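Hello,

Here is the structure we talked about. Please look it over, then read the notes below.

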Amino acid sequence: MQRDGPTMWLANLAACLTLWASWMSALHANFTHPSEPGMMELTQRFQDFMVKFNKTYNSREEMMYRLKVFAQNMEISQVLQDTELGTAQYGITPFSDMTESEFAARFGNPVMRAAPVAPTQRHRSSSTASRSCDWRKAAVFTVKAQGNCSSCWAFAAVSNIEALWKIHRNVNCSLSVQELVDCTYPSGGGCLGGYAWDAFLFVVNNTGLSSSKLYPYTEKKQRCQKYKWRKLTKIDGYSILPRDERYIANIVATQGPVTALMNAKVIKHYKKGIIQRAKVSCDPNWLDHVVLIVGFGEGKIRRGTWSGSYWIIQNSWGKDWGEEGYFRMDRGSNTCGIAKYAATAIVHDLGGQKPPPCPK
């Protein structure tokens, strides 16, 4: 059956507004802070969303269902905005037509409940950190998209290793996320989630990681491939860091980016700014996403009345999300559990040379 084009669906939206009226009471009953915009305004925002993110649906019924989900997400975004303690802004994102369960199934990671494997090595860290650090200015970073696979853990681990090789060896490399997805968990995992330290342990035990060109990403778990004569990129170990944001900042400033587990509840709706949440709205013990801390800075957090520090964090949801694939989060309050399980690969400098300083 031939699909109607998106233009026809957009034209039919106006005729469906009467259907929308029947949803209003149910929607308001589901939210503690109803602030529904006018029907026409909301419909226009949905049309703009469809165009911006190239969204198409298989039927009128599906489109109207997605409009309803979109409206619910706008309500959630408004609640997040009203309770935000920092400068973060919430609203329309590439995921605004997805339910919470759909989003969790696509991007969620198994919630961390047990302590991870003991670190193989420990870093040495100075007692104080710089006021700012941004490795994006020195290391080669490509914001990637994990797609329909819960592989955030593998993307964070690979980006961590790539950055460390650039910082400590001055080598640009593009490594295989897919090899980690296929091979780290032989009996499961992969696109069902995982942890960065398991990825590092796999790289250590297998004397390195293949290139992304040899072993490209497919957005699904496959049989683990064993290529002959492949060039491997090694690491010298890995470390799980103390739950101390000052210590973690020292490692970022002196050694390079680190991976971190966090609660992804609010970032589904994140657009830009510095996130600062109360624990009740972003449980620091519910850790279901893995990201890469690439730096930190200081700035005005709330209308110029309070100065604070923040993390600069790379995500794996593509450049169309957040601040061109990055987001910022309050540093020092364990916001969304960001400091609970930070980990990093270890890449030694050649000849005992010190790494370059982190750009300000």
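Which cysteine forms a disulfide with Cys 149? Cys 191 does, and the two sulfur atoms are 2.0 Å apart. A disulfide here is a pair of cysteine sulfur atoms within 2.5 Å.

First, the ground rules. This is a predicted model, with local features needing pLDDT of at least 70, side-chain atom pairs counting only at pLDDT 80 or more, and totals for chains, interfaces and linings using all residues. Residues are numbered from 1 along each chain as its sequence is written, and side-chain values use heavy atoms, leaving out hydrogens and water.

The count comes to four disulfides. With the bonded cysteines of the protein chain numbered in sequence order, the pairing reads 1-8, 2-4, 3-5, 6-7.

Cys 149 and Cys 191
The angle about the S-S bond is -100°, so the link of Cys 149 and Cys 191 is left-handed. Cys 149 sits in the loop between β2 and α7 (152–169), and Cys 191 in the loop between α8 (177–183) and α9 (196–205). The pair therefore ties together parts that are 42 residues apart in sequence. Helices (H or I, at least four residues) and strands (E, at least two) are DSSP runs, numbered from the N terminus. Both Cys 149 and Cys 191 are buried. Buried means under 20% relative accessible area, exposed over 50%, and partly exposed in between (1.4 Å probe, protein chains only).

Cys 133 and Cys 358
These sulfur atoms are also bonded, 2.0 Å apart. The link of Cys 133 and Cys 358 is right-handed, with 90° about the S-S bond. Cys 133 lies in strand β2 (residues 133–134) and Cys 358 in the segment after β10 (342–346), so the pair joins parts 225 residues apart in sequence. Cys 133 is buried at 1% relative accessible area. Cys 358 is buried at 6%.

Cys 183 and Cys 224
The S to S distance is 2.0 Å in this disulfide. The link of Cys 183 and Cys 224 is right-handed, at 100° about the S-S bond. Cys 183 belongs to helix α8 and Cys 224 to the loop between α9 and β3 (237–240), so parts 41 residues apart in sequence are tied together. Cys 183 is buried, at 7% relative accessibility. Cys 224 is partly exposed, at 22%.

Cys 152 is buried, at 0% relative accessibility.

Best regards
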